[in-house]
Amino acid sequence: MKFGKWVLTFFLLSIFCIFSVSAMASDHEAAATHDAGHGAVTEHEAAHVGTEAHGHEEAGHGGHINLGELLPLWSCIPFACMLLSIALFPLLAPKFWHHHFGKVSAVWAASLAIPFLIAFKGAAVHELLHIVLADYVPFIILLWALFTISGGIVLKGTLRGTPVVNTIMILIGTVLASWMGTTGAAMLMIRPFLKANDYRKNRTFMVVFFIFLVANIGGSLTPLGDPPLFLGFLHGVDFFWTFKIMPHMLLTAGILLVIYFILDSYHYKKEGLKGAPVEEGEKEPLRLQGIYNFIFLGGVVGSVLISGMVDWGEVNTLGIHRAVQDWVRDGLLIVMGILSLLATSKKLREYNEFTWFPIVEVGYLFIGIFITMVPCLLILKAGVKGELAFLIAAVKEPMHYFWITGSLSAFLDNAPTYLTFFNTALGAFYPGMSEAQAVPLLMTETSIYLKAISAGAVFFGACSYIGNAPNFMVRSIAEEAGTPMPSFFGYIVKFSLLYLIPTFVVVTLIFF
Amino acid sequence: MKIKKILFPTKFRELAFNSLESLLELKEIGLKEVVLTYVIPRDEVGFVPYGGYMKDEEERLREQARIRFEDWQEAITQEGIESKIRIEVGNPIPQLYRIAEEEKVDLIIAGRKKRTALEKVYVGSHTLDLIRRTSIPVLISKYMVRFEWEGELITKVNDHIFAKPLFATDWSKPSEKALKLVSSFKGLTDKVMVTHIIGVKISKNLDKSELRRIERESKERLGNYCDTLKKAGLKAEPHLFSGRSSAEIIRVAREHKATMIVMGTTGKDRLREFWLGSVSHRVAEASELPVLLVS
């Protein structure tokens, strides 16, 4: 039976590949003829660029060929299918998805990579290697390091979840999120938060606001906070530039915390707990264990910071030129994670119910996301010369960037969405310019657009369970602990539309 | 030191019930209660990528386990033994460790590794992890095994495992604890083979006279161990060998048709075990016989 399924998959994939290769090749020829005035492009040249290009920018902009101008719009189909799989499978076939998500990711990655490689040979190899080495590898290493280190910190003690205590806990998580990542902060705080409130009847809204603030909005201040911002950092956005969205973050977090406090106070009173005598159980003093992991977190912050400040030259890895300091940073992050593993006792991790499964999932899914998104990014970078010119023409105002980046981030993962619109902005404002030249201009001349993209990607990630990776982890832990959580649509209708969207309207009116 | 309460965790692999049935003979030496345990691995039901938690799947697995356990309970009750069911979600090894402590069991039963085509190792890393952590005796029950002996592929059913145990001692404190446990086997055991191996590491650097002295001392100690067992009403005979400890224990157990191997284990952590090695763990992994480890 299993063999049959694999044969069917292989058969479908083969048909798709044959169809794709012939179609891409015909588009390739047509584009080459069409571009004769600008200098015709041959496969030989494409391969030539692939082997001689010095860095992504040259292959994308400054070299002999710009794949983004040649690629058809439908080459983005695997990317769309990958994201739709993430959005729909957990809803429609959760059991199948849970056991086969890696295969699904591999199928979509192969459906793009095979025809892409056959059609564009060396240039395609270069683009795929570039996204893996320059984006995927550092992205996963950072997530792994933050996940490992924060999984070694335990908050123990007896807390009684009153409205004030809960609001303070969410506030602490929100502050920590920018420094230990939304995943790290959420994993550190969610179990004590649930334990403190296990005597409360209505806990659903608490966890939802926890997801809003700790698992999303809190991570907007540094590239460590949320994956989209780290991708921006990898593409040249300064480490401290993200502090420019502090006013947006403070306003959003402020509004949501006030709403939370009012809601919690209302339910607390309704549940008859206000003024009720406190049950005297066995009290455990509040304490943090594994605090030496904060040193390793400091090491992570330092490593990322240094990699953005120094220039130690470049090194060629498999034809991809990467800065030495970037490799050093990745190495240091791995060292920090390993030190945390060695220093932290097994019991602390077990207390946190630490498991590698979530990070393995992210690893499998994101290799599919990164590979399938290559054509989409290249087309967007080509600006008005690419097949997504209509999108670039439609997205003009900062408000558009905020809402469109945001809306898509709510239903697709926010990291690829950020990178998509980051490239849309580069294509719109600085077409044909190398990334190294364009990004500093995007941070200064047109910074409002980058703020809109950054805030949109991070904030709207809270709108659904699939907007950001920690959302589903928090949901899973809360449900296991017996807190009823709303359905996928229930979450959006009862909470996101009611509390988040009006808050984002206020943010738009004030800032964009 | 008596076995009154045992923890029987299971993943419901083939022959799990037969394995349990074969252990019910412990009633003869005072077994009163069996705690039937199934830990649903959290990764099976939780952290669905971008999904959350599969409550329905957890309920299904719980129900499935409960129905099977209730069927098993009938067989246990027929033997006049009490039983209890514990089904939990979590990380299996820490969870089992916690349940064993909570239930104050006297013995944990660990299953053998999932059967593979080429069977060289019978114990998985999870079981070894459990053995390293707990101070409760662990019996690695290997109800049915396949192994190669003198070029032949043999399938063996390990039944009546307490009939003729080979008790391998290294004179350590855990070995003394194991001796106390074996002493309680009266009524189940025909004969205990008390065995000591003078390891290669010791024998290779010693001159003959020193070796003779160690041999004499070892025989004397073996005699004392046998006396202790005889006082407890068991037949016992001493065996002294020299060579690579784990390989010798396995060889002697096979040649003397032992039904199980009993050993003390010092509970080295993973790192120390990597450098120093662990005879008991190697025996547990490589022997086709059930192995009872006492730490």
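**Entry 1. Helices on the sheet of chain B**

I began with helix α3 of chain B (residues 55-78), which lies across β2 and β3 of chain B and runs at about 165° to β3(B). I took helices (H or I, at least four residues) and strands (E, at least two) as DSSP runs, numbered from the N terminus. The axes are lines fitted to C-alpha atoms, for helices over the stretch in contact, and angles run from 0 to 180 degrees between N-to-C directions. Two residues are in contact if their C-beta atoms, placed from the backbone, lie within 7 Å.

I noted that this is a predicted model, in which local features need pLDDT of at least 70, side-chain atom pairs count only at pLDDT 80 or more, and totals for chains, interfaces and linings use all residues. Residues are numbered from 1 along each chain as its sequence is written, while chains are lettered from A and ligands numbered from 1 in the order in which they are written.

I then looked up helix α6 of chain B (residues 173-183), which lies across β8, β9 (191-199), β11 (260-264) and β12 (291-294) of chain B. Its direction is at about 135° to β11(B).

**Entry 2. The sheet itself**

In what order do the ten strands of the open sheet in chain B stand? I read the order as β3-β2-β1-β4-β5-β12-β11-β8-β9-β10, with mixed pairing. Two strands pair if DSSP finds at least two bridges between them. β3 (82-90) and β10 (235-243) of chain B are at the edges; each has a single partner strand, so one side of each has no neighbour in the sheet. From one strand to the next, the twist averages 20°.

I followed one pair further. Strands β1 (residues 5-9) and β2 (residues 33-41) of chain B run parallel and are joined by five bridges. Opposite P9(B) I found T37(B), in β2(B).

**Entry 3. Domains and single residues of chain B**

I recorded domain 1 (5-110) and domain 2 (165-294) in chain B; the bounds come from an automatic or database domain assignment. The C-alpha centres of these two domains of chain B are 31 Å apart.

Is E59(B) buried or exposed? E59(B), in helix α3 of chain B, counts as exposed because it has 11 C-beta neighbours inside 10 Å. The rule is that a residue is buried if 20 or more other C-beta atoms lie within 10 Å of its own, exposed if 12 or fewer, and partly exposed in between, with C-beta atoms placed from the backbone. From E59(B) to E210(B) I counted 151 residues in sequence and 65 Å in space, C-alpha to C-alpha.

H160(B) is in the loop between β7 (152-157) and β8 (165-168) of chain B. Its phi is near 45°, a positive value in a residue other than glycine. H160(B) is partly exposed because it has 14 C-beta neighbours inside 10 Å.

**Entry 4. Chain A**

Chain A holds 23 helices and four strands. I noted that 49% of its 512 residues count as buried. Of the contacts in chain A with a separation of 6 or more, 82% are between residues 24 or more positions apart.

K121(A), in helix α7 of chain A, has a positive phi near 40° and is not a glycine. K121(A) counts as partly exposed because 17 C-beta neighbours lie inside 10 Å.

**Entry 5. Where the chains meet**

I found 23 residues of chain A in contact with 16 residues of chain B. On the side of chain A that touches chain B, two or more residues each come from α6 (77-92), α7 (94-150), α15 (357-372) and α22 (469-480) of chain A. The largest share, six residues, is given by α22(A).
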